[in-house]
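These are my notebook entries on a single protein model, written down in the order in which I looked things up.

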Amino acid sequence: MEGRLIAISTLSSLLFLGACEEQKVHTAPAINDRDSVSMMTSYGVNTLISDSGVIKYKIVTERWDVNTVKQPPRWTFEKGIFLEQFDEQFHVEGYINADTAWYYEQQKLWELRGRVHIRNVNGLVFDSEELFWDGIRHEFYSHKFSKVVTPERTLQGTYFRSDEHMTHYQVTNSVGSFQAEDMESDQNATTPADSTQPAPPQRQAATRHAATQKPNYNTP
């Protein structure tokens, strides 16, 4: 009887030790990538943004993330954005829609992606899948196919550059349609000396109005 008790006790000890050896502590790895963490996340945003004490635009978005750790630091609008632009007298100059947007604070640069749509008070309408808004150069530019529609003309091209008021713009590799009076004024206009040069690199000064170019058109 005593021998059986010793055997059972020994077997129980071996089973206990085996069970202890098989047990593992499961722990999640430490989160070291601080770049993925936003300093601030806001939902249902409708706010005014100022620069140097002057209100520049209104932002309306479903979600706004602010990340100061990523390089460069940025604001992220993954759920789309609506921007209303103001002049120095707080008059509305136009509005911008985009599916996704990023704003890089140090560079004062907006990057807009997806269905980018602009309309200003002069009746100009711009559509593209990409648009950059340079707050230092005070200009827009795009390297994607873009379409510009005004009350007088329609232009389409693979490169677009404009001042941030959309009053002086350039569309290259373009085709378009013009009214008869535009055709006559173009014949008397002087073509810029650099109109046949390749598109300038990013962050250069805005060029002259595209009306000085002569895109292809069909005569009636």
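**Entry 1: overall make-up**

I began with the secondary structure and counted 2 helices and 14 strands in the protein. I note at the outset that this is a predicted model. I then looked up burial and found that, of the 220 residues, 37% count as buried.

**Entry 2: the largest pocket**

I next looked up the largest pocket, for which I have a volume of about 390 Å³. I listed 22 residues in its lining, and the closest to the centre are Asp 51, Lys 56, Tyr 57, Trp 133 and Glu 164. The elements that give two or more residues to this lining are strand E1 (40–51), strand E2 (54–67) and strand E4 (81–86), and the largest share, 4 residues, comes from E2. Sorting the lining of the largest pocket by class, I wrote down 9 nonpolar, 5 polar and 8 charged residues.

**Entry 3: aromatic rings**

My search of the whole structure for aromatic pairs returned 13. I picked out Phe 126 and Phe 160, whose rings form a tilted pair at 4.6 Å centre to centre, with 40 degrees between the planes. Phe 126 belongs to strand E8 (residues 125–134) and Phe 160 to strand E12 (residues 159–163), so this pair ties together parts that are 34 residues apart in sequence. I checked the burial of both partners: Phe 126 has 0% relative accessibility and counts as buried, and Phe 160 is likewise buried, with a relative accessible area of 0%.

I also followed the ring pairs that link Tyr 57, Trp 64, Trp 75, Phe 77, Tyr 103, Trp 110, Trp 133 and Phe 140 into a cluster. Two members of this cluster, Tyr 57 and Trp 133, had already come up in my list of residues closest to the centre of the largest pocket.

**Entry 4: Thr 76**

I then asked myself: is Thr 76 buried or exposed? Thr 76 has a relative accessible area of 11%, and because the cut-off for buried is under 20%, Thr 76 counts as buried. I located Thr 76 in strand E3 (residues 74–77). Leaving aside neighbours within four places in sequence, I found Thr 76 in contact with Arg 63, Trp 64, Asp 65, Ala 101 and Trp 102.

**Entry 5: backbone details in the loops**

Going through the backbone, I came upon a cis peptide bond between Gln 71 and Pro 72, with omega about -5 degrees; Pro 72 sits in the loop between E2 and E3.

I also noted Lys 108, which is not a glycine and yet has a positive phi of about 50 degrees. Lys 108 is in the loop between strand E6 (100–104) and strand E7 (109–120), and I recorded it as partly exposed, with a relative accessible area of 33%. Lys 108 and Gly 135 are 27 residues apart in sequence but 5.0 Å apart in space, C-alpha to C-alpha. Gly 135 lies in the loop between E8 and strand E9 (139–142), and I recorded Gly 135 as partly exposed, at a relative accessible area of 24%.

Met 166 is in the loop between E12 and strand E13 (169–172), and I recorded Met 166 as buried, with a relative accessible area of 4%.

Notes. Residues are numbered from 1 along each chain as its sequence is written. This is a predicted model: local features need pLDDT of at least 70, side-chain atom pairs count only at pLDDT 80 or more; totals for chains, interfaces and linings use all residues. Side-chain values use heavy atoms; hydrogens and water are left out. Buried means under 20% relative accessible area, exposed over 50%, partly exposed in between (1.4 Å probe, protein chains only). Contact means heavy atoms within 4.5 Å. On a 1 Å grid over the protein atoms alone, a cavity is a set of points where a 1.4 Å probe fits but cannot get out, and a pocket is an open set with protein on both sides within 12 Å along at least five of seven lines; lining residues have an atom within 4 Å of a point. Grid points are joined across faces, edges and corners, and a volume is the space filled by probe spheres set on the points. Ala, Val, Leu, Ile, Met, Phe, Trp, Tyr, Cys and Pro count as nonpolar, Asp, Glu, Lys and Arg as charged, and the others, Gly among them, as polar. Rings of Phe, Tyr and Trp (its six-membered ring) pair if their centres lie within 6.5 Å; planes under 30 degrees apart count as stacked, over 60 as edge-to-face and the rest as tilted.
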